[in-house]
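Please look over the sequence and the model shown here before reading on.

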Amino acid sequence: MLKRLVCLAVLLTIAAAGSASARDELASARLSDGKDFPYVLTTGGGTPRYGVILMPGGSGSLDPRMVDGKLTLSLGGNFLIRSREIFAEGPFVAASTDATTTPDRIMAIVRDLQRRYGSIPVYVIGTSRSTDSTMTLSPALDGMVAGFVHTSSTNRIASFDTRKFKSRHLVVYHAMDACQVTKPSSSASARSNGAETIEVTGGTSTGDDCQARAYHGYNGIERATVDKIKAWIARS
């Protein structure tokens, strides 16, 4: 009951902050060897109590940079990247970065977020091809991040056993995802391997079945999908 009340309070805070404009900035994180790399920090004006690290699918290359004084990035149409402002609403902050399987790159962002906002729990979120990254990172970062969210996962998710992990795992999928490498049946079967799952419906599908504006990319239901993910995070 208490967890439900906390979750409801978080959702009300998110809804109240929905009209606030989010802000992007080009931030940098430091690797253990002392080298810095850029990522996109998106804040919504609230006091962050949770952090999310967003990795795009496809090529996975976000390549954030300043061009003529403006923030420029690739893969802006990707589900997670185009939804980063929704992720950043309320008591959340979002960090968008290249897809990676290198634990040090993820932990560099975690350290930077926690330097800015204190010891907030941080979740790593991938979509489509970058769920291969979230699955690969899971053993190395188990217990070091609060959890992982795998959306429109590659079919490998069907055999991905999360029961041995300390970090939480959520699998999100669209019931009508027609991409053959991210079948809904594969994501649904993740329940038997210990992951929590969320099935979504609705929206519209245009173009290639495996691209961002198809059901595969939660086209037209971005807010509803992100709110479900954030509600799950807030139940921790």
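**Around F87**

Leaving aside its neighbours within four places in sequence, F87 is in contact (heavy atoms within 4.5 Å) with V52, L54, L80, F92, A94, I125, V226, I229 and K230. The structure is a predicted model, in which local features need pLDDT of at least 70 and side-chain atom pairs count only at pLDDT 80 or more, while totals for chains, interfaces and linings use all residues. Residues are numbered from 1 along each chain as its sequence is written, and side-chain values use heavy atoms, with hydrogens and water left out.

**Nonpolar cores**

- A nonpolar core is a set of buried Ala, Val, Leu, Ile, Met, Phe, Trp, Tyr and Cys residues joined through side-chain atoms within 4.5 Å, where buried means under 20% relative accessible area, exposed over 50% and partly exposed in between, with a 1.4 Å probe and protein chains only.
- The largest nonpolar core has 24 residues, and those that touch the most other members are V52, F87, I125, I229 and I233.
- Two or more residues of this core come from each of β3 (50–55), α2 (79–82), α3 (84–87), β6 (92–96), β7 (122–127), β9 (168–174), β10 (196–200) and α7 (222–234); helices (H or I, at least four residues) and strands (E, at least two) are DSSP runs numbered from the N terminus.
- The element that gives the most to this core is α7, with five residues.
- Another core, of 23 residues, lies apart from it and has L41, I109, V122 and F148 among its members.

**The sheet**

- Eight strands form an open sheet with mixed pairing, in the order β1-β2-β6-β3-β7-β8-β9-β10, and two strands pair if DSSP finds at least two bridges between them.
- Because β1 and β10 stand at the edges and each has a single partner strand, one side of each is left without a neighbour in the sheet.
- On average, neighbouring strands of this sheet are turned by 25° against each other, direction ignored.
- Strands β7 and β8 (residues 147–151) run parallel and are joined by five bridges, and V124 has F148 in β8 as its bridge partner.

**Helices on the sheet**

- Helix α5 (131–141) packs on the sheet, where it touches β3, β7, β8 and β9, and its direction makes about 165° with that of β8; axes are lines fitted to C-alpha atoms, for helices over the stretch in contact, and angles run from 0 to 180 degrees between N-to-C directions.
- Helix α7 lies across β3, β6, β7, β8, β9 and β10, and runs at about 165° to β9.
- Buried residues of α7 include V226, I229, W232 and I233.

**Helix α4 and its partner**

- Helix α4 (residues 103–117) has 15 residues and reaches 21 Å from its first C-alpha to its last, close to the 21 Å expected at 1.5 Å a residue, the expected span being 1.5 Å times one less than the number of residues.
- In α4, the buried residues are I106, M107, A108, I109, V110, D112 and L113, and their cover includes β1 (23–30), β2 (36–43), β3, β6, β7 and α5.
- The helices α4 and α5 pack at an angle of about 75°, with their axes 10 Å apart, which makes α4 roughly perpendicular to α5, a description used for angles of 65 to 115 degrees.
- Where these two helices meet, P103, I106 and M107 belong to α4, and L137, A140 and L141 belong to α5.

Definitions and conventions. Angles under 35 degrees count as roughly parallel, over 145 as roughly antiparallel, 65 to 115 as roughly perpendicular and the rest as oblique.
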